[in-house]
Amino acid sequence: MSRIIIRQGRIIDPAQGLDTVADLCIESGKIAAIGEHLQASADSQSIDAQGQIICPGLIDLSVRLREPGLSHKGTIASETRAAAAAGVTTLCLPPDTKPSIDSPAVVELIKDKAQQAQYPQILTIGALSQRLAGSELNNLFALKQAGCIAVSNGHAALDNLLILRRAMEYAASHDLLIIYRANEPALSGQGCAHEGQFASRYGLPSIPAAAESIAIAQCLELAELTGCRLHISQISCMQSVIKLQQAKKYGLQVTADVAIHQLHLTEDDMIPFDSHYHVIPPFRSVKDKEYLREGLANGTIDAICSDHQPHDLDAKLGAFPETEPGIASLQTLIPLSLKLSQEHGLSLLDTLAKLTSEPAGILGLPSGQLGIGRAADICIFDPKATWHVDNATWLTQGKNTPYWQQTLTGRVTHTFQAGRLIYQQDQ
Amino acid sequence: MTKHLQLSEQGRLKHFLTIEGLSTELLTEILDTAESFVDMSEHRVRKVPLLRGKTIINLFFENSTRTRTTFELAATRLSADVLNMNIATSATSKGESLLDTIRNLEAMHVDMFVVRHALSGAAHFIAQHTAPHISVINAGDGQHAHPTQAMLDMFTIRQHKKSFAGLKVAIVGDILHSRVARSQILALNTLGVAEIRVIAPKTLIPAEVSTMGVIPIHTMAEGLDDVDVIIMLRLQKERMNSAFLPSEGEYFKCFGLTEANLKFAKPDAIVMHPGPINRGVEIASSVADGPQSVILQQVSNGIAVRMAILSMAMHSQGEPA
């Protein structure tokens, strides 16, 4: 494989605390050198990255590809294309495909499709319970052997706390990470919006913040009891941040992430009955958003994910409560992270850590950093370039985003996966 | 968005989906227009040709006798052709989406849909997706809005109190699940009453309700003190089964309107109820049938107010939205 030299970009590598303008050389799929005026060879290619930022390829903890089973919403081919355009080089696929990721056969199928799509770095998350029904455990060891990076019950609830306890004990026996979406179904019910002034005004069935924070308190207790490695996904409210902060203070090994849109939008931003704002967990209050941002800055929240959920048009056509929740969010990940960094005063290095080295640490991956000799998973983006969210720029099959037809700042220009250029912005 | 969706470019009523975003002037225009139709109802010939040749479909995805009947009467008195369609929820659950239902009916060249639906936002959705020449009137969507009911209530209040200025109004009962209460609150605030109180146990009051411009109160003695208007809401029986309330008996004891606690209000206070009433659950018979009750006037006013809204919406048709 030939050499590629990326010239004069601002290299930000959170894992090394590196933020410098230099050249970066890729050779044989690996990062070969970082330094001044790296020597070109006869067969080397050069990319001018002046004014651009070079960072580790993003590691996204939650990306629904919709395949197998829901290819009218998205396919492995369409969504990995969007992931590449978003600078994401490794993504975790939650188990709620159809069929769910219950067996090594489904894992194999996904791996095959990933190879065909030329995007091999899809990490499957195995289904914790059979068909995600919440009552019987899957063969978790077999799923691990097949390559699942973690196990989770996705958005589906477990029958009761005893099942969760047993699942944690069993997962801990095989050193499996459990990814848990905290929700007490008795409290969230059929809710479709945050229990606050917006839902009250528009008469929407609502979900109190406590539906999440109670479930977080419970799973933290059980993590303590069982010694399970626990990662809590997509937290959305103040009390969840407080509970996590306490648990971490007393030494519990637990991590958490937040979906990028929760750091920006609140119930106050919702356009009445616009189903593009229908997402679970729902957009909460301004106060909740401030706690999430603060929790991110002080390390209570370890990572940012896209929580990408593409939908077909029909899924979003209807009266608000009957539409399907979820936002297609891969391509807004970099622009919204830049915006967060500017608005909250979190340095770009610290912000990018939440998208690279931190999720790598959670999953125990060697990637997410630009150390010499590491696989060349690299994202290059122009932090000043503006782009319009529309059919011409949007690659995911789902057009369900509140940012549709808006102009965003920050655009990925190149993405490398193990040294292979998997995305280059059209000139 | 809501404002633009409902109004034509000239600022006239195109759809009637919610009170939100409508001006005091427009609400007053509705009340004034209704006034002229009330006079007409008292004549021997009760029909005017305002909507002759127009077709209105009463599209009811949820059962209702009273609302549908008064809409039908209102449309008939305006000489429109009316078609009633009761699309039980089972029909849509058989796979036809709301949008498909609307598209099919549009193809029959109708001029207006009067819509009732069990989900909040259904009327908005239909108004956004229907052909531009069709008006949509919300006859109740989920727990969101029931604006024609609110306007007939405002009409009844104005009949008795002449002006909204200075009025204290109490709304009693299941505010949480009530589209009627939500629309009443918006209308009362727009028309400028002095104070709105919502009286119920906490289980039946929405979160952060004070952001809607009302005062939550949990006893009748405090809540009814010195009010000019008492609006009782119907209590759905199924609330007993889901721990909102322990029993009908206890509810009546705490929040039922009796002759005894009616005395907390001003002596000339009026008692209203959108119907149908549950005697002995939210209201005592002696109050419902008593001298301060205007419940039956509300029903007859409903026809005039709906005639006003139907004719106003139909007249803005053809104006660019």
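## Where the chains touch

In this predicted model, 19 residues of chain A are in contact with 23 residues of chain B (contact means C-beta atoms, placed from the backbone, within 7 Å). On the chain A side, helix α6 (residues 197-202) gives the largest share, four residues. Helices here are DSSP runs of H or I with at least four residues, strands are runs of E with at least two, and both are numbered from the N terminus.

That side of chain A divides into nine nonpolar, six polar and four charged residues. For the bookkeeping, Ala, Val, Leu, Ile, Met, Phe, Trp, Tyr, Cys and Pro count as nonpolar, Asp, Glu, Lys and Arg as charged, and the others, Gly among them, as polar.

## Ground rules

Residues are numbered from 1 along each chain as its sequence is written, while chains are lettered from A and ligands numbered from 1 in the order in which they are written. Local features need pLDDT of at least 70 and side-chain atom pairs count only at pLDDT 80 or more, but totals for chains, interfaces and linings use all residues.

## The sheet in chain A

Chain A has an open sheet of eight strands, paired in parallel and running β6-β7-β8-β9-β10-β13-β14-β15; two strands pair if DSSP finds at least two bridges between them. β6 (58-60) and β15 (303-305) sit at the edges with a single partner strand each, so one side of each has no neighbour in the sheet. From one strand to the next, the twist averages 25° (angles run from 0 to 180 degrees between N-to-C directions, with axes fitted to C-alpha atoms, for helices over the stretch in contact).

## A helix pair in chain A

Helices α7 (residues 210-226) and α8 (residues 238-249) of chain A pack at about 15°, with axes 8 Å apart. That makes α7(A) roughly parallel to α8(A), a label for angles under 35 degrees.

The α7(A) residues in this contact include I216(A) and L220(A), and those of α8(A) include L244(A) and A247(A). Overall, the contact divides into six nonpolar, three polar and two charged residues.

## The sheet in chain B

Chain B has an open, parallel sheet of five strands, ordered β7-β6-β5-β8-β9. Its edges are β7 (215-217) and β9 (270-272), each with a single partner strand, so one side of each lacks a neighbour in the sheet. The twist averages 20° from one strand to the next.

How values were computed. Parallel < 35°, antiparallel > 145°, perpendicular 65-115°, else oblique. Contact = placed C-beta atoms within 7 Å.
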